[in-house]
Amino acid sequence: MKALVEISDEGLESLLGEKVLLLCANYFYTGTLIGVNADCVKLKDPAIVYETGKWDEPTYADCQPLHVKEFYVNKSAIEAYGKAK
């Protein structure tokens with residue numbers, strides 16, 4: 001029998017506590033993922049990545065910290081995500 005099985009430790013929730021890169025519709029955001037709900041995610045020590053540079057480099061070419069300790073990003077704007085550099 002085929003059945004749908006809910007996996008709670010997958011997707012954004014599996015990255016809680018990790019430094020992530022969110023590839024969004026207009027900007028790329030990075031920071032430590034500290035919250036996930038139905039509408040948004042919460043980043044600690046957030047920054048906007050204006051230029052990634054080469055993906056195999058250890059840092060981003062232009063990554064500028066935001067003016068706050070925590071920042072929210074709407075999940076509807078996230079196109080892709082994963083662990084950050």
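**Salt bridges in close-up**

**View 1. Lys69 and Asp45 are joined by a side-chain salt bridge, with an N to O separation of 3.9 Å.** Lys69 lies in the loop between strand 4 (62-65) and strand 5, and Asp45 in strand 3, so this pair ties together parts that are 24 residues apart in sequence. A salt bridge is defined here as a side-chain nitrogen of Lys or Arg within 4 Å of a carboxyl oxygen of Asp or Glu. The model is predicted: local features need pLDDT of at least 70, side-chain atom pairs count only at pLDDT 80 or more, and totals for chains, interfaces and linings use all residues. Residues are numbered from 1 along each chain as its sequence is written, and side-chain values use heavy atoms, with hydrogens and water left out.

**View 2. Lys42 and Glu70 form a salt bridge whose closest N and O atoms are 3.3 Å apart.** Lys42 belongs to strand 3 (residues 40-51) and Glu70 to strand 5 (residues 70-74), so the contact ties together parts that are 28 residues apart in sequence. Strands (E, at least two residues) are DSSP runs numbered from the N terminus.

**View 3. Lys83 pairs with Glu18 in a salt bridge, the closest N and O atoms being 4.0 Å apart.** Lys83 lies in strand 6 (residues 78-83) and Glu18 in the segment before strand 1 (19-24), so the pair ties together parts that are 65 residues apart in sequence. Lys83 counts as exposed at 57% relative accessibility, whereas Glu18 counts as partly exposed at 32%; buried means under 20% relative accessible area, exposed over 50%, and partly exposed in between (1.4 Å probe, protein chains only).

Conventions
Helix = DSSP H or I, 4+ residues; strand = E, 2+ residues; numbered from the N terminus.
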